[in-house]
Amino acid sequence: MSSALVARSAFNRNVAAALARRSLRPLAVQARGAADSAYVPGGPIYRGTVNDPTPFPPPSKTHGSYHWAFERILSAGLVPLTVASFVTSGTNYPIIDGLLGVSLVMHSHIGFDSILVDYLHPRKFPVLGRALTWVLRATTVGVLVGVYQFNTNDIGLTELVAKVWHA
Amino acid sequence: MLAHRALGLGPALRQAALRPRNVARNPALHNIVAKRSVQTESLPPSAAQEILNKQRLRRPSSPHFTIYQPQLTWLGSIANRVTGAGLSVLLYGYALAYLVAPDTFSSVNVVDFIHGLPEGVKYAGKAILAAPFAFHSWNGLRHLSWDAGKFLTLKGAYSSGYAVLGLTAVSTVGLLLL
């Protein structure tokens with residue numbers, strides 16, 4: 001009986017300490033990037049306790065509706081752009097060729113970013129997800145430079161495809 | 001606590017332990033006399049969360065992706081992603097290769113290399129390029145029509161999906177013959 005009383009008062013002390021910690025926990029959770037327990041693929045991710053709410057990213061139109069609209073407009077615009085650049089030729093209309101190159105690379109970047117967000121979300125993979133996002137951005141910059149070099153010093157993307165097709 | 005509840009021996013054990021008169025009369029000795037037949041370790045209540053999380057890490061997750069029935073909806077969706085990613089990897093790879101080694105990967109070298117391949121390989125290569133491009137393009141249009149609010153029923157998704165497959169086949173043949 002007395003052991004139960006001792007346990008209960010210790011429990012009360014723990015609850016009080018936990019409440020004090022809980023008020024500061026949201027800040028601590030934001031500051032800490034890693035999960036409280038190690039993440040095992042297929043396993044749970046826990047930050048804080050089961051009673052803490054899921055953190056959501058701050059609402060922002062740039063990452064929300066504007067990003068969505070930009071992605072759709074870009075995809076829709078690729079259709080007439082591809083047709084136009086293959087009907088004309090890269091040598092005669094280098095601007096259309098350049099536009100196609102940039103649009104294709106942007107479309108691919110958004111696609112790769114969606115793949116990363118779907119399968120390696122930073123919430124679940126705090127280190128790998130974030131690192132790969134930056135690797136993707138660096139790679140896209142490199143690809144843009146490469147496409148520019150190719151379109152300037154060589155025949156351009158549409159000409160290359162046309163030549164390869166009839167090689 | 002759970003062990004002797006399950007066995008139903010709790011009260012009996014407690015009585016046996018407390019039967020010696022001096023223990024029953026002296027409350028201070030209640031803590032010392034063993035009341036349980038199972039060894040337990042004393043943990044503070046704050047250890048509960050860690051035990052729970054460790055146990056949760058050991059739990060298996062039931063099969064989901066491996067047992068889902070193949071359907072046009074999700075097969076078309078993953079095919080859209082795979083074709084897009086494949087074509088993009090090709091674009092990224094060539095652009096980076098040209099950036100790193102422009103003389104090795106110049107268009108003249110590429111065209112010459114492909115020219116030297118056997119006819120069958122050339123046709124196969126063109127099919128491998130044309131089919132994903134055609135599928136991704138037509139399915140992309142299907143996606144954009146969903147964004148405009150069309151074909152958002154089950155029948156609509158299936159009919160547009162079959163239309164995309166048919167158009168892909170026709171377009172691939174057309175591109176190969178180009």
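This is a predicted model: local features need pLDDT of at least 70, side-chain atom pairs count only at pLDDT 80 or more; totals for chains, interfaces and linings use all residues.
Start with the helix pair. In chain A, helix α3 covers residues 94-119 and helix α4 covers residues 126-153. Their axes lie 10 Å apart, and the packing angle is about 165 degrees. Angles over 145 degrees count as roughly antiparallel, so that is how α3(A) runs relative to α4(A). The crossing of α3(A) past α4(A) is right-handed.

Which residues of α3(A) and α4(A) meet? On the α3(A) side they include Gly98(A), Gly101(A), Val105(A), His109(A) and Phe112(A). On the α4(A) side, among them are Leu132(A), Leu136(A), Thr140(A), Val143(A) and Val147(A). Sorted by class, this contact of α3(A) with α4(A) has nine nonpolar residues, six polar and three charged.

Now the interface. From chain A, 49 residues are in contact with 38 residues of chain B. The two chains bury about 3500 Å² between them, and carbon and sulfur atoms give 68% of that. Which three residues supply more than any other three of the area that chain A buries against chain B? They are Phe112(A), Trp165(A) and Ala167(A), and they supply 20% of it. Phe112(A) has come up already, as one of the α3(A) residues that meet α4(A).

Last, the charges. How many salt bridges does the rule find across the interface of chain A and chain B? It finds two. One salt bridge joins Arg81(B) to Asp118(A), with the closest N and O atoms 2.6 Å apart.

Key. Residues are numbered from 1 along each chain as its sequence is written. Chains are lettered from A and ligands numbered from 1 in the order in which they are written. Side-chain values use heavy atoms; hydrogens and water are left out. Axes are lines fitted to C-alpha atoms, for helices over the stretch in contact, and angles run from 0 to 180 degrees between N-to-C directions. Helices (H or I, at least four residues) and strands (E, at least two) are DSSP runs, numbered from the N terminus. Angles under 35 degrees count as roughly parallel, over 145 as roughly antiparallel, 65 to 115 as roughly perpendicular and the rest as oblique. A crossing is left-handed if the near helix is turned anticlockwise from the far one by less than a right angle, and right-handed if clockwise. Contact means heavy atoms within 4.5 Å. Ala, Val, Leu, Ile, Met, Phe, Trp, Tyr, Cys and Pro count as nonpolar, Asp, Glu, Lys and Arg as charged, and the others, Gly among them, as polar. Buried area is the accessible area (1.4 Å probe) that two parts lose on being put together, summed over both. A salt bridge is a side-chain nitrogen of Lys or Arg within 4 Å of a carboxyl oxygen of Asp or Glu.
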